[in-house]
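Let's walk through this structure together, starting with its domains and ending at its ligand. Keep the 3D view open as you read.

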Amino acid sequence: MTAPEKTARDPHLWVPQRKVEDLEWFREKYAAERDKRLPNTGADTFQAIDFEGKFASFDADPHATGPRTAPPMTADLDMLVIGAGFMGISVGVELKKAGVTDFKILDVAADFGGTWYWNRYPGVRCDVESYVYLPFLEETGYVPTERYTRGSEIFAYCQSLGEQFGLYDHALFQTRVTDMEWDEDTARWTVRTDGGDVFRARFVSTQSGQFSRPQLPGLPGVEKFTGHSFHTSRWDYEYTGGDSAGNLDKLHDKRVAVIGTGATGVQAIPQLAEFAKSVVVFQRTPTQIAPRENAPTDIEWFTSLPEGWHGVRRASFDKCAMDRATADCDVDDGWIKFAKYQLGAIYEAGGVEPTVEQFMDAMERSDYEWNEMLRDRVDSIVTDPAKAEKLKTYYRTMCKRPGFSDDFLPAFNKESVDIVDTATTPIERITENGVVVGDREYEVDLIVYATGFQMGRTWTDKAGYDVAGRSGNRLSKKFADGVSTYHGFLSENFPNLFFLGFTQSTQVSNIANLIDHQARHMVYMVAKCIAEGIRTIEPTPEAEAGWNQTILEHAEMRRDWNTSCTPGQYNNEGRIDDKRSTLVGGLYGPGYEYFDLLRKWREDDQFHGIAVTH
Ligand code: N01
């Protein structure tokens, strides 16, 4: 294959300067890159970090100041909320707004924050504009300091939401649910925890968070390494020095290996590169890197935003990032610039009403053009051509989560930073001294695992507990091959138990907006049950089967796309017929279609599809 000819271009321009004619070259190249990864993929090629056992030390909380001090509790509640991340906070706020005050929020962490409690690695920031990412900005009047705020600021904001909305009084931290069972006689869930608590709750919401269970690569020898190692979500600043803003001053004489170059690796590697004696990055699939364009918040602009701006901006972002049907966007970042570029290409190909062929052709062509621009950008930044080549992505945008960074690529210009491509020659094992690839052992003092979170496991694996529903029905059994719900929220034989997150809901770039919609929808149901004396709710078998069918049809619509993509979270690591991953099980389309469906269902106020007992 001969690569298409390149022309000189300005690396800082966002608009691709080259038109792609020969689609075949790109198709073949992308398929070849995907095929390199396929033999070594799937959720089973990772190892879960267990709570007890071989890898338990990787799960230890480096942020808690000591073990839980609260004595074991026994309580009857209207509602138990499992998880104190954005979801738990949003549910707590909405419950209070609805006048429901008899609730508890549980979390394994020692504070609010969820993913922002755990992920304090150096360089951590949100990668969606904070004006659409952070919840309750209008209610609190909070002004994010930057367009992409630091993780420490987001964590502090979560704490301030806990304070402002009086949620700390409802919280029980450092507490892990161990099991849950339905009692038909009292119509309550009995929930037990590792702190010896026993709660009896009318309603329970569960958010087996997408990013709650860290994972290690499925490599032999991880436990044999005699140097230091940790997962990025349990960063050990005792060892590295510094904090999430950097200044890792204890690494000056340390040789560091980083495994993984997803969104986390992209943010942490520049910091390690700045402070460590040497860094070797083990990269299996590169992340697409577009400019970050972070900036301090323009206070004048922010304070001039009209009432209701937050919901409008969030909706606009979702619509513009996921739907190639509008150019009218409030946000103008890398997500939207790409979507707009595609929109322009579609318009050019077929005007306002393109044929399906024109649409598909323009989408594919413009995607290649966009990636050509980003590959040129790698060449213009990374001076060593061999390193540059390894950092270029050859898969369609949105096969993997795109990255935005201004310091990741320049980090590879340091002589002390090396990159090892493990796509063709995978890491073979971890030894007591370091990492083995092919016939070389890379000796290091520290291994940082930026290897992400369990996504492709069953719901109960991720949650870490099982649920016994009506007549002893086990959730581990019901969800063994994927979740089964009505609208993503409720499942037959598990009354009054709400599932939140990516559980047959929808795919969005801004998960915080999904959380907002789900919290409001669920609290509507809970408040209606309490107000109308409804004892139990669960889907009718027909309604659940109907939603499952819808989800299956959407999965079929996505089949060609998923098959063409390099393995990753979005296509269940290339195993597209393994339905365990909740990420591949949502509606295929812009988030607003799902949000509209939920809104209309609430407006009907009939609990359509739900079996109700009084
Ligand atoms: O995890 P990941 P993450 N040998 O699963 C590699 C979100 N997030 O922590 O791509 C070599 O994305 C693996 O390689 P490959 C983020 O969007 C949000 O980075 O599978 N490498 C990959 O590079 C995402 O949804 C923010 O080939 C191995 C990496 O490990 C989620 O969090 C910030 C390997 C894992 O990447 C998790 O992102 C940060 C092996 N054997 C993260 N095994 C925001 O700002 C695995 N890898 C909102």
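The paragraphs below take up the domains, the contact between them and the ligand.

First, some ground rules: this is a predicted model, where local features need pLDDT of at least 70 and side-chain atom pairs count only at pLDDT 80 or more, while totals for chains, interfaces and linings use all residues. Residues are numbered from 1 along each chain as its sequence is written, and side-chain values use heavy atoms, with hydrogens and water left out.

The domain assignment gives domain 1 as 23-37 + 214-292 + 361-449 and domain 2 as 74-110 + 171-213 + 456-613; such bounds come from an automatic or database assignment. Between the C-alpha centres of the two domains there are 34 Å. Their contact (heavy atoms within 4.5 Å) draws 14 residues from domain 1 and 12 residues from domain 2.

How much area do domain 1 and domain 2 bury between them? The figure is about 1200 Å², with 54% of it on carbon and sulfur atoms. Buried area here is the accessible area (1.4 Å probe) that two parts lose on being put together, summed over both. On the domain 1 side, Arg34, Cys399 and Arg401 supply 44% of the area buried against domain 2, more than any other three residues.

There is 1 salt bridge between the domains, the term meaning a side-chain nitrogen of Lys or Arg within 4 Å of a carboxyl oxygen of Asp or Glu. Arg37 and Glu573 form a salt bridge, their closest N and O atoms being 3.8 Å apart.

Now turn to the ligand, which 26 residues surround, Arg125, Asp127, Thr264, Thr285 and Arg401 being the closest; near means a heavy atom within 4 Å. A polar backbone atom of Asp127 sits 2.8 Å from a ligand oxygen, and a polar side-chain atom of Gln569 is also 2.8 Å from an oxygen atom of the ligand. Alone, the ligand exposes 920 Å², and the protein buries 90% of that (Shrake-Rupley method, 1.4 Å probe; for residues, only the protein chains shown count as cover).

Conventions:
Polar contact = N/O pair within 3.5 Å; in protein donor to acceptor, adjacent residues only side chain to side chain.
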